[in-house]
Amino acid sequence: FNHTIPYELGRLAETLEILDLSKNNLNGSIPSSFANFVARDDAVSISARTQIYLSKNENLLNPAPLTLCFLHDFDLAKDERKCPPERNALKDFYDSAKGQ
């Protein structure tokens with residue numbers, strides 16, 4: 001019994017405080033719509049109040065969307081398969097070169 005994560009869940013970013021999909025035998029990619037969980041709304045970061053849990057879904061494809069890897073409460077942020085440190089370092093380098 002395997003399912004993918006619905007793309008539409010990303011549309012709930014402004015209303016969800018916790019999204020716990022851990023231990024559900026999910027497969028496929030983490031939807032790009034999950035970038036909405038780290039979007040900015042009136043200069044207040046949605047990510048300051050959103051927690052995302054996807055652990056124990058061994059069939060999720062690597063890597064996770066880059067923006068999720070910088071979400072403070074993303075339980076797979078320290079998983080080097082989902083959030084490769086090299087890719088994260090490149091984003092940090094790019095942001096510093098842009099002056100952010």
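What share of the 100 residues in the protein is buried? Buried residues make up 36% of them. Keep in mind as you look around that this is a predicted model. The protein has two helices and seven strands, and here is a quick tour of how some of those pieces sit together.

**The overall picture**
- Reading from the N terminus, you pass through the elements in the order β-β-β-β-β-β-β-α-α.
- If you take the contacts between residues at least 6 apart in sequence, 54% of them join residues at least 24 apart.
- The protein exposes about 6,400 Å², and carbon and sulfur atoms supply 52% of that area.

**The sheet**
- Three strands make up an open sheet, lined up as β1-β3-β7 with parallel pairing.
- Its edge strands are β1 (3-4) and β7 (59-60), and each of these pairs on one side only.
- β1 and β3 run parallel and are joined by two bridges.

**A closer look at S22**
- You'll find S22 in the loop between β2 (18-20) and β3 (26-28).
- Despite sitting in a loop, S22 has a relative accessible area of 17%, so it counts as buried, the cut-off being under 20%.
- The side chain of S22 makes a polar contact of 2.5 Å with the side chain of D20.
- Leaving aside residues up to four places away in sequence, S22 touches Y53, L54, S55 and N57.

**The salt bridges**
- There are two salt bridges in the structure.
- One of them brings together the side chains of D79 and R81, with 3.0 Å from N to O.
- D79 is buried, at 16% relative accessibility.
- K91 forms a salt bridge with D95, and their closest N and O atoms are 2.4 Å apart.
- Why are K91 and D95 separated by about one helical turn? Because they are four residues apart in helix α2 (residues 85-98).
- What about cover for this pair: K91 is partly exposed at 25% relative accessibility, while D95 is buried at 14%.

Conventions. Residues numbered from 1 in each chain as written. Predicted model: local features only at pLDDT ≥ 70, side-chain atom pairs only at ≥ 80, totals over all residues. Heavy atoms only, no water. Buried < 20%, exposed > 50% of the residue type's maximum accessible area, 1.4 Å probe, protein only. Polar contact = N/O pair within 3.5 Å; in protein donor to acceptor, adjacent residues only side chain to side chain. Contact = heavy atoms within 4.5 Å. Salt bridge = Lys/Arg side-chain N within 4 Å of Asp/Glu carboxyl O. Pairing = 2+ DSSP bridges. Areas by Shrake-Rupley, 256 points an atom, 1.4 Å probe, with all protein chains shown as cover.
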